[in-house]
Amino acid sequence: MSLLEVDSIDVAYGNVQVLWDVSLSVDKGETVALLGANGAGKTTTLKTICGDLSPMDGEVRYKGESIGDLPHEDVVAKGVAHVPEGREVFTESSVRENLELGAYLDRSGMDERLERVYDIFPRLEERAKQQAGTLSGGEQQMLAIGRGLMSEPDLLLLDEASLGLAPVLVDDVFEAIQRINDEGTTVLLVEQDIYNALRVADRGYVIKTGEISLSGTAEELAQDKRVEESYLGA
Ligand code: ATP
């Protein structure tokens, strides 16, 4: 049994269907990349996994249990953290307060959790008292990931973690993702940066206009020209 199983889900916004029969799985300990062009359905897939949307048909199972109809908080309580696209940090609150909010369901062991996040992202410790809104884009992205880690998830869902960052920060973020995985957290990441995503991932899926069009090991996908073509809408 995989840690996460997305089984033939159809998802719609109102009566506009955007996912058709999407299936994917993530095993414990893996990093899996979900790749695809703008509007292909990557964010919608993550939102369905984390309880922001419910599938019309099909099932999402986590540790074998159906979670497709659970609200977001219940999914988080089961050990899934979602870092949304666009680094939604609380700009008026301090870095530390933002991190503490990530542990809102269970505040035990707060200092150890903070230590782990600071160990991965030392800049956040240096800026712990600073208002989050004054951080650079890259630092805000680190804060968003750090906040996700504060709930001590077994599965971390990352939506476009590298989008809009300077190349040097992109490297930092992917290095952090690698480390988070090495330390035992399973990762499902959504990316437009094919190269870096396949560098850190074990396996990947390509989604094209709401349907999975390709899947394979990261090595297989890195050599498959159809992956890049699907980004160009070809
Ligand atoms: P991006 O990288 O641009 O976020 P994506 O692959 O994550 O792309 P989604 O955001 O999942 O794609 O969007 C899939 C489809 O659903 C697109 O056609 C999009 O226009 C549509 N869509 C997304 N959000 C909504 C919404 N709230 N209401 C209606 N349609 C939506």
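Helix α1, which spans residues 42–49, contributes three residues to the shell around the ligand, the most of any contributor. The structure described here is a predicted model. The shell holds 13 residues, and those that come nearest to the ligand are Gly39, Gly41, Lys42, Thr43 and Thr44.

Several contacts can be followed atom by atom. At glycine 41, a polar backbone atom sits 2.8 Å from an oxygen atom of the ligand. Asparagine 38 uses its side chain instead: a polar atom there lies 3.0 Å from a ligand oxygen. Glutamate 160 also takes part through its side chain, with a polar atom 3.3 Å from an oxygen atom of the ligand. On its own, the ligand has 630 Å² of accessible area, and the protein covers 59% of it.

Because six of its eight residues are buried, α1 is largely enclosed by the rest of the structure. The buried residues are Lys42, Thr44, Thr45, Leu46, Thr48 and Ile49. Readers can therefore find Lys42 and Thr44 in two places: among the residues nearest the ligand and among the buried residues of α1, where "buried" means under 20% relative accessible area. After α1 comes glycine 51, which has a positive phi, near 90 degrees.

Attention now turns to the largest pocket. This pocket contains about 440 Å³ of space and has a lining of 21 residues, with His72, His82, Val83, Pro84 and Arg147 nearest its centre. Two or more lining residues come from each of α1, α2 (72–77), β6 (80–83) and α6 (137–149). Of the contributors, β6 gives the most, with four residues. The lining of the largest pocket is made up of nine nonpolar, six polar and six charged residues.

One of the residues nearest the centre of the pocket, Arg147, belongs to helix α6. Is arginine 147 buried or exposed? Its relative accessible area is 15%, and because the cut-off for a buried residue is under 20%, arginine 147 counts as buried. Arginine 147 also illustrates how folding can bring together parts of a chain: valine 89 is 58 residues away in sequence, yet the two C-alpha atoms are 8.8 Å apart in space.

Notes: Residues are numbered from 1 along each chain as its sequence is written. This is a predicted model: local features need pLDDT of at least 70, side-chain atom pairs count only at pLDDT 80 or more; totals for chains, interfaces and linings use all residues. Side-chain values use heavy atoms; hydrogens and water are left out. A residue is near a molecule or strand if one of its heavy atoms lies within 4 Å of it. A polar contact is a pair of N or O atoms within 3.5 Å; within protein, one must be able to donate a hydrogen and the other to accept it, and residues adjacent in sequence count only if both atoms are side-chain atoms. Accessible areas come from the Shrake-Rupley method with a 1.4 Å probe; for residues, only the protein chains shown count as cover. On a 1 Å grid over the protein atoms alone, a cavity is a set of points where a 1.4 Å probe fits but cannot get out, and a pocket is an open set with protein on both sides within 12 Å along at least five of seven lines; lining residues have an atom within 4 Å of a point. Grid points are joined across faces, edges and corners, and a volume is the space filled by probe spheres set on the points. Ala, Val, Leu, Ile, Met, Phe, Trp, Tyr, Cys and Pro count as nonpolar, Asp, Glu, Lys and Arg as charged, and the others, Gly among them, as polar. Buried means under 20% relative accessible area, exposed over 50%, partly exposed in between (1.4 Å probe, protein chains only).
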